[in-house]
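Subject: A structure for you to look at

Hello,

I am passing on the structure we talked about, with some notes to read beside it. Please open it first and then follow along below.

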Amino acid sequence: MTLLDEIQYDLNLFYSNFTEYRNKVEHISDILNLKGKSRLQADYLPTYFTGDFTLNNPKYVLFSLNPGFKEEQNKIEEYLKNGSVNNYYNFITSFYEIFYRNGLKSQYYTRIAKLFEGFDNIVLRSQKDIYEYYRKYLINIDLVPYHSSSFGLPANLNKSQITYLNTRFESIFEYLSTIDCKLAIFNGASYITFLNKYIPKNKERIEINKKTWFSLFKIDKINCIYFSRMITQAGSGVTYKDMKEIIAFKVKEYLEDI
């Protein structure tokens, strides 16, 4: 099933059989052993990606883990994207413009902006600058697209978890095969289970600090970077200076050499 097939299936289920949709999302929470606030929000539409997926050559594709959940803000998002399939696609393809226009904020997108400042030798001085940059150059895809206020995956995945997540990876890789982007960014430890077969065993692990490292590699024609922890989380120990200097320098050096 392609990424767009997955989205269409969920939209059809949400609008035609909401009870079955809720049961599906609750079942995924059970598979992933999510408890309490970590459980997926079964009453809300998923956010598989943000950005204009119709672009065949986005500059950057960012693979994150989960779209997160803040009740007050997500109610606004739901109002904007609910009601019809057209509303949904308009929201996610125009996500960054809509976010800025409606005064919505995301710590995740604000923090990771420093990475792109380093990549492109620019300064994004305001939320307007950040969202305008993302509108032009970025697509974000979430591994588990159903919203959670405190999402996390276990370090050691069991068989049923791998089976579910593998279906998500298959659609992600299928999408990657259809585009031509400068860099695909895998932000989070959970991706390594499925990326190991693409990263050469002797590939250098570049340490940012004692907690977090990254590797640069290719999946077919796509240049990729994998971070061993989510670099936007405080626990990674990654600073804005690390993003703008250490990581950006190594990435630009790698891209120049290939």
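Let me start with Tyr44, which is buried, with a relative accessible area of 12% (buried means under 20% relative accessible area, exposed over 50% and partly exposed in between, using a 1.4 Å probe and protein chains only). Phe69 is buried too, at 14% relative accessibility.

A word on what you are looking at: this is a predicted model, where local features need pLDDT of at least 70 and side-chain atom pairs count only at pLDDT 80 or more, while totals for chains, interfaces and linings use all residues. Residues are numbered from 1 along each chain as its sequence is written, and side-chain values use heavy atoms, with hydrogens and water left out.

Now the aromatic rings. Rings of Phe, Tyr and Trp (its six-membered ring) pair if their centres lie within 6.5 Å; planes under 30 degrees apart count as stacked, over 60 as edge-to-face and the rest as tilted. The count by this rule is 36 aromatic pairs. One of them joins Tyr44 and Phe69, edge-to-face, at 5.0 Å centre to centre with 75 degrees between the planes. This pair links distant parts of the chain, 25 residues apart: Tyr44 is in the loop between helix H2 (18-31) and S1, and Phe69 in the loop between S2 and helix H3 (71-81). Helices (H or I, at least four residues) and strands (E, at least two) are DSSP runs, numbered from the N terminus.

Next comes the sheet. Seven strands form an open sheet in the order S1-S3-S2-S4-S7-S6-S5, with mixed pairing; two strands pair if DSSP finds at least two bridges between them. At the edges are strand S1 (49-50) and strand S5 (206-207), each pairing on one side only. Strand S2 (residues 60-64) runs parallel to strand S3 (residues 138-142), and five bridges pair them. Ser64, for example, has Asp142 in S3 as its bridge partner. Helix H7 (residues 127-137) packs on the sheet and touches S2 and S3 (contact means heavy atoms within 4.5 Å), its direction making about 85 degrees with that of S3. Axes here are lines fitted to C-alpha atoms, for helices over the stretch in contact, and angles run from 0 to 180 degrees between N-to-C directions.

Finally, the charged end of Lys59 sits over the ring of Tyr137, 5.1 Å from its centre (NZ of Lys or CZ of Arg must be within 6 Å of the ring centre and within 35 degrees of the ring normal).

Best wishes
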